[in-house]
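Dear colleague,

Please find the structure below, handed over for your own work. My notes on it follow directly after.

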Amino acid sequence: MQLYLVRHAEAASGDPDELRPLTPEGREAARELGRRLASDGVRPDAVLTSPLLRARETAAELARPAGIQPEPDERLAPGASADNVRAAATERGETVVVVGHQPDCGRIAAALTGGAEPAFPPAGMLAIDLDE
């Protein structure tokens, strides 16, 4: 499986945390990432997302070019682990996009690749070949 691990785009500050939307710049960054994936020939079978608003909004922009709906998954909420991502993505197809949070994305990437934690800026992405 090709896993695309994405940190949500830039979010506005505010409370409650789970309802923080993307900023206009964050929305544009998410759209651009979706366009870039599509122009690179990436056609996700599924786009899975944390249930928090900023992640769902990011996922919607990533799913739009593929014509699919993003799917919120509680296992991808803040505090998600590599095991949570693996469980959510299993049997979802050959190409799966997962939208989550930091510092989770860096920790998950390190656990899945066996390498160091990569930097994950807002709308940052890492493609990982994942054995099911």
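This is a predicted model: local features need pLDDT of at least 70, side-chain atom pairs count only at pLDDT 80 or more; totals for chains, interfaces and linings use all residues.

R20 is found in the loop that runs between β1 (2–7) and α1 (24–39). With a relative accessible area of 18%, R20 counts as buried, because the cut-off for that term is under 20%. Leaving aside its neighbours within four places in sequence, R20 is in contact with A11, A12, S13, G14, L53 and R54. Two of these, L53 and R54, are also listed among the buried residues of helix α2.

The sheet

Five strands form an open sheet, in the order β3-β2-β4-β1-β5, and the pairing is mixed. The edges are taken by β3 (71–72) and β5 (125–129); each has a single partner strand, so one side of each is left without a neighbour in the sheet. As a general point, strands of a sheet pair through backbone hydrogen bonds, either parallel or antiparallel.

Around β2 (46–49) the pairing can be followed residue by residue. β2 and β3 pair in the parallel sense over two bridges, with L48 opposite E71 and T49 opposite P72. Four bridges join β2 to β4, and these strands also run parallel; here T49 stands opposite V99 in β4.

Which way do the residues of β2 point? A46 and L48 point one way, while V47 and T49 point the other way, and all are buried. In general, the side chains of a regular strand alternate between the two faces of the sheet.

The helices

β2, α2 and β3 make a right-handed β-α-β unit. Within helix α2 (residues 53–63), nine of the 11 residues are buried, so the helix is largely enclosed by the rest of the structure. The buried residues are L53, R54, A55, E57, T58, A59, E61, L62 and A63. What covers them includes β1, α1, β2 and β4.

Helix α3 (residues 82–89) has the buried residues A82, V85, A88 and A89. They cover an arc of only 130° around the axis, which puts them on the same side of α3. After α3 comes E91, whose phi is positive, near 60°.

α4 lies across β1, β4 and β5, and runs at about 155° to β1.

Where is P122 found? P122 is in the loop between α4 and β5. At 43% relative accessibility, P122 counts as partly exposed. Leaving aside its neighbours within four places in sequence, P122 is in contact with R7, H8, A9 and E10. P122 and V6 are 116 residues apart in sequence, yet 8.5 Å apart in space, C-alpha to C-alpha.

Yours sincerely

Terms used: Residues are numbered from 1 along each chain as its sequence is written. Side-chain values use heavy atoms; hydrogens and water are left out. Buried means under 20% relative accessible area, exposed over 50%, partly exposed in between (1.4 Å probe, protein chains only). Contact means heavy atoms within 4.5 Å. The arc is that of the directions from the helix axis to the C-beta atoms. Two strands pair if DSSP finds at least two bridges between them. Axes are lines fitted to C-alpha atoms, for helices over the stretch in contact, and angles run from 0 to 180 degrees between N-to-C directions. A crossover is right-handed if, with the strands pointing away from the viewer, the path from the first strand over the helix to the second runs clockwise.
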